[in-house]
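Trainee: I would be grateful for a close look at one part of this model, a pair of packed helices, together with an account of what surrounds them.

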Amino acid sequence: MSIFKRINDLSNNEKARKAWFSLVCLIFLILIIVPSIFVVLKMFTEWGIVSEVFRDAGMISTIKEALWNSFSIAGIVTVIDVLVGIPMAWIFVRKQFKGKKYLDTLMDMPLAFPTAVLGISVVMFWGAPEGIDIPGLGLSISPYVMLILLHIIFTYPYMVRSLSAILEQIEPNYETAAMTLSASRFTALRTITLPLFRAGLVTGTILCFARSLSETGGTYIALQMMGVESTFFTGPTFIAYMKEFGVDAAMGPMILISVLMIVLALLLLVVVKLLIMKFKIPVKRVWPNFGRLISRGTVPKLKDAFSIAFLAVIVLLPTFYIFTYLTQPMAAIDYGMLLYSTGISFLIAGVAVIFDIVFGIPIALYIARKRDTKFGKILDSLVNVPLIIPTTALGFSLALFWGSIYAGGSLSLLMVILGHIAFTFPLVVRNITGAVEEVDVSYEEVAMTLGAKPFQAFSKVLMPIIKSSIIAGAILAFTRSLGETGATVAISNSVKTVPVYIMDLIKVDNYSEAAFCSIILIAICFVFMFFVRVIINRGGRHA
């Protein structure tokens, strides 16, 4: 009996289904949620230390400023991502042009960059600081604006991927039918496609806001290059800065700001999600003249040109700008360490993605189908928790939770893998949840009335429909893990991933070597994801 037949038979057993889902939830809680929020529990056990922070007016003022910077930057970046991401997603899904598959793969490359390298590259591009030989644009930009430009690069692919995955599920025949009835393309998009887009918009908004809110490595390096790392803070960079004074000395402020970010972010995300889901697009009103005006002639071309220009100038050029450092003299590269760290990075990312898919799909299905139940709402909120925790705080929380196991050092690699699972798991769950919500449950019900068992209904009916969202989530999780620096270092100093190795080169000002190693990482990642897409597309055509 094959394993799939065994799974199919078990899926028809209600007790077996409940036992499996209970196991999934238990693993989710023990390996992801509890370690992630352990810092919150630590606040109560260390309340004496935390309470002392409230007596320091200067520290409280700094924490307030850091929180304002974090939340306002995340909000601005998310709005920009929505406005520019929708037309870009439309181009990727609905348009056909030469080089589309290469541009589609390039979209994911900023996610694969080590965050520290990306921070350096962006600062060099917009205004190279003194001491940097490579000439940038030389603009005088405030730290606040620089971080907005940097965080757009971190978050923009999340928005485009989330919206593209949902758009691929929406039949273009609906829009075509509307246009045959004299509706303009704009009217068809506004009245038919955008209302179906809502789940993808919620997913993209949550991912972008949370990613910006938790970003640490690239942000801290960028502020450091601008010489303001000790005067301008976001929540995560404040934690990273305080950590330099030692965990014991800075535990109070670190715990307090971590807890505040978790609580405030969860409340804000709930409010934003409710507003998006309750917001109704005015589909009953039609403006035929205006619709035709922006659907024909130069307006659509200008929209597409602006979207591609934004991707090129704001996202891709600053990302790859550090490669110009290859023109500088370069010391010998330790290829052995580079290959070793690359293997470790791919191992960690691969294991994390497999875990995310296997255990993420059941949770995503439950959230999408049982959202109105109390447990569904609890799961929906808990999934967001690891996303909004700063990666350095996440590593700090994991180290506190695992305690002596981590301190022994023998299981450092396992601890790093668990850490990467924690912050990549929501990426997969959020993308799949948004996709499942757009699929009518009657499809599976009809299949089961015709004799299909639950697993058959999922694998033969639902799975092909949401496949693009599963792939999008897997790619986002893989590249996110591949480029992470802060959490890895916070969990263990002995595990050398590629980003950590590159970070070590940057610390001794070996920018050329760091650029070269980044090229190797990006080239490997580009080839890997390109062939994954080719194989998946061929599989889809043969299916």
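**A helix pair and its surroundings**

Mentor: In this predicted model, helix α8 (residues 143–167) packs with helix α21 (residues 412–437) at an angle of about 35°, their axes being 9 Å apart. The crossing of α8 past α21 is right-handed. On the α8 side the contact is made by Y158, R161, S162 and I166, which meet L427, N431, G434 and A435 of α21. By class, the residues of this contact comprise four nonpolar, three polar and one charged.

The nonpolar core comes next. The largest one has 169 residues, and Y156, L311, I363 and I466 are those with the most contacts inside it. Helix α4 (residues 57–94) supplies the largest share of this core, 17 residues. As a general background, nonpolar side chains in soluble globular proteins tend to be buried together. The contacts of Y156, leaving out residues up to four places away in sequence, are D81, V84, G85, M88, M107, S307, F310, L311 and V315. L311, one of these partners, is itself named with Y156 among the core residues with the most contacts.

Helix α8 also has a part in the surroundings of α12. Helix α12 (residues 217–225) is largely enclosed by the rest of the structure, because eight of its nine residues are buried. The buried residues are G217, G218, T219, Y220, I221, A222, L223 and M225. They pack against α8 as well as α7 (115–127), α13 (235–243) and α25 (498–507). After α12 comes G227, with a positive phi near 75°.

The structure holds 16 aromatic pairs. In one of them, F71 and F209, the ring centres are 6.2 Å apart and the planes stand at 50°, so the pair is tilted. Because F71 lies in helix α4 and F209 in helix α11 (residues 198–214), this pair ties together parts that are 138 residues apart in sequence. Both F71 and F209 are buried. Elsewhere, W20, F28, F355, F359 and F425 form one aromatic cluster.

One further residue deserves mention. S481 lies in helix α23 (residues 454–483), and it counts as buried because its relative accessibility is 3%, against a cut-off of under 20%. Apart from its neighbours within four places in sequence, S481 is in contact with I348, A349, H420, F423 and T424.

Notes: Residues are numbered from 1 along each chain as its sequence is written. This is a predicted model: local features need pLDDT of at least 70, side-chain atom pairs count only at pLDDT 80 or more; totals for chains, interfaces and linings use all residues. Side-chain values use heavy atoms; hydrogens and water are left out. Axes are lines fitted to C-alpha atoms, for helices over the stretch in contact, and angles run from 0 to 180 degrees between N-to-C directions. Helices (H or I, at least four residues) and strands (E, at least two) are DSSP runs, numbered from the N terminus. A crossing is left-handed if the near helix is turned anticlockwise from the far one by less than a right angle, and right-handed if clockwise. Contact means heavy atoms within 4.5 Å. Ala, Val, Leu, Ile, Met, Phe, Trp, Tyr, Cys and Pro count as nonpolar, Asp, Glu, Lys and Arg as charged, and the others, Gly among them, as polar. A nonpolar core is a set of buried Ala, Val, Leu, Ile, Met, Phe, Trp, Tyr and Cys residues joined through side-chain atoms within 4.5 Å. Buried means under 20% relative accessible area, exposed over 50%, partly exposed in between (1.4 Å probe, protein chains only). Rings of Phe, Tyr and Trp (its six-membered ring) pair if their centres lie within 6.5 Å; planes under 30 degrees apart count as stacked, over 60 as edge-to-face and the rest as tilted.
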